[in-house]
Amino acid sequence: MLRKPSLLLYLDLQHIGYCLPRDSSRYAALNLGNGNQHFEQLSQTWSQLPQDVYLRDAGTYRYRRYVVLEVSTNKTHVLPYEPHYQNSSYNRLNGGFSRNFATFSPSVLNNPVFQQVLNWSIAMISRPDAQNWKVQCHQFRITGDEKQEGKPTPEGIHQDGAEYVFIMLIKRHNIEGGVTRLYKNRDTIFEGMLAQPGDAVLLNDKKLFHSVSSIHPLRKGELAYRDVLVLTFHQR
Ligand SMILES: [Fe+2]
């Protein structure tokens with residue numbers, strides 16, 4: 001299959017505000033998902049996420065970990081622990097106060113797949129010049145059952161307050177829903193599913209808004225969950 005080179009993907013990102021990394025030969029070469037042992041090891045860490053106790057809708061459907069990195073070309077280091085804070089203008093539901101989340105485990109930070117997608121994203125957003133980035137990294141699990149739907153974006157259509165956002169699907173288990181939508185000037189410019197492990201979107205958070213629809217179990221009586229890795233990039 002003919003794959004677009006990364007340059008065209010970069011132009012997508014600049015001109016339409018987002019790109020789908022699976023279209024890139026360099027990203028495809030990472031061979032993420034089924035059959036990649038490092039991806040499988042990374043995926044398993046999502047079963048050890050503490051519950052997010054800060055949801056103001058009183059929901060118990062979100063589990064997460066959080067760490068902040070400083071990344072420049074060829075160099076990454078973990079910044080000292082800081083609570084997660086989002087301005088309430090970006091997050092009307094859960095913004096405006098500090099939230100303390102458990103940090104990433106070393107097995108995630110040292111995982112080759114985690115490092116590859118981080119470096120791939122940095123390479124994409126740092127063209128043409130190398131830049132320094134503060135990267136907020138989130139492991140999210142959203143669950144759903146018959147009593148409670150899972151809301152990947154309980155704040156609705158929103159921006160994250162970053163320059164760029166990378167969202168990669170780790171796993172969908174027993175779910176329907178979870179449709180990703182991107183918006184420009186209130187128009188929907190992308191609607192689609194991150195369906196397979198490793199499917200991702202990289203978006204310009206200054207230009208676009210985003211949302212993900214609620215999830216529900218396909219098979220009743222069995223827990224449903226959607227695992228994603230989200231990286232938000234802030235220029236230093
Ligand atoms: Fe978001």
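Two residues are in contact if their C-beta atoms, placed from the backbone, lie within 7 Å. Keep that rule in mind for this talk. What you see above is a predicted model: local features need pLDDT of at least 70, side-chain atom pairs count only at pLDDT 80 or more, and totals for chains, interfaces and linings use all residues. Residues are numbered from 1 along each chain as its sequence is written.

Serine 211 lies in strand β12. A strand here is a DSSP run of E with at least two residues; a helix is a run of H or I with at least four; both are numbered from the N terminus.

Is serine 211 buried, exposed or partly exposed? Here is the scale. Buried takes 20 or more other C-beta atoms within 10 Å of the residue's own, exposed takes 12 or fewer, and partly exposed is in between, with C-beta atoms placed from the backbone. Serine 211 has 17 C-beta neighbours inside 10 Å, so it counts as partly exposed.

Now look along the whole of β12, residues 209-212. Its side chains alternate. His210 and Val212 point to one face and are buried.

Strands pair if DSSP finds at least two bridges between them. Three strands make an open sheet in the order β10-β9-β12, with antiparallel pairing. β10 (187-193) and β12 are at the edges, each with a single partner strand, so one side of each has no neighbour in the sheet. On average, neighbouring strands of this sheet are turned by 20 degrees against each other, direction ignored. For angles, axes are lines fitted to C-alpha atoms, for helices over the stretch in contact, and values run from 0 to 180 degrees between N-to-C directions.

Strand β9 covers residues 179-184 and is joined to β12 by four bridges. Six bridges join β9 to β10. Follow tyrosine 183. Its bridge partner in β12 is phenylalanine 209. Its bridge partner in β10 is threonine 188. Serine 211 and tyrosine 183 are 28 residues apart in sequence, and 8.5 Å apart in space, C-alpha to C-alpha.

How many of the seven residues of β10 are buried? The number is zero, so β10 lies largely in the open.

Between β9 and β10 sits a hairpin with two residues between the strands. Asparagine 185 is in that loop. Its phi is near 50 degrees, a positive value in a residue other than glycine. Asparagine 185 has 8 other C-beta atoms within 10 Å, so it is exposed.

Alanine 58 also has a positive phi, near 65 degrees. Alanine 58 is in the loop between α3 and β2. With 6 other C-beta atoms within 10 Å, alanine 58 is exposed.

On to the other sheet. Seven strands form an open sheet in the order β1-β11-β7-β14-β6-β2-β3, and the pairing is antiparallel. Its edge strands are β1 (18-19) and β3 (75-78), each pairing on one side only. Strand β2 (residues 62-72) and strand β6 (residues 133-144) pair over 10 bridges. Tyrosine 63 stands opposite arginine 141 in β6.

Helix α5 lies across β2, β6, β7 (164-173), β11 (200-204) and β14 (224-235), at about 40 degrees to β14. What does α5 pack against? Helix α3 (residues 37-44) and helix α5 (residues 112-125) pack at an angle of about 100 degrees, with their axes 8 Å apart. That makes α3 roughly perpendicular to α5; the label covers 65 to 115 degrees, while under 35 is roughly parallel, over 145 roughly antiparallel, and the rest oblique. In α3, His38, Phe39 and Leu42 meet Pro112, Val113 and Phe114 in α5. These residues divide into five nonpolar, one polar and no charged. Nonpolar means Ala, Val, Leu, Ile, Met, Phe, Trp, Tyr, Cys and Pro; charged means Asp, Glu, Lys and Arg; the others, Gly among them, are polar.
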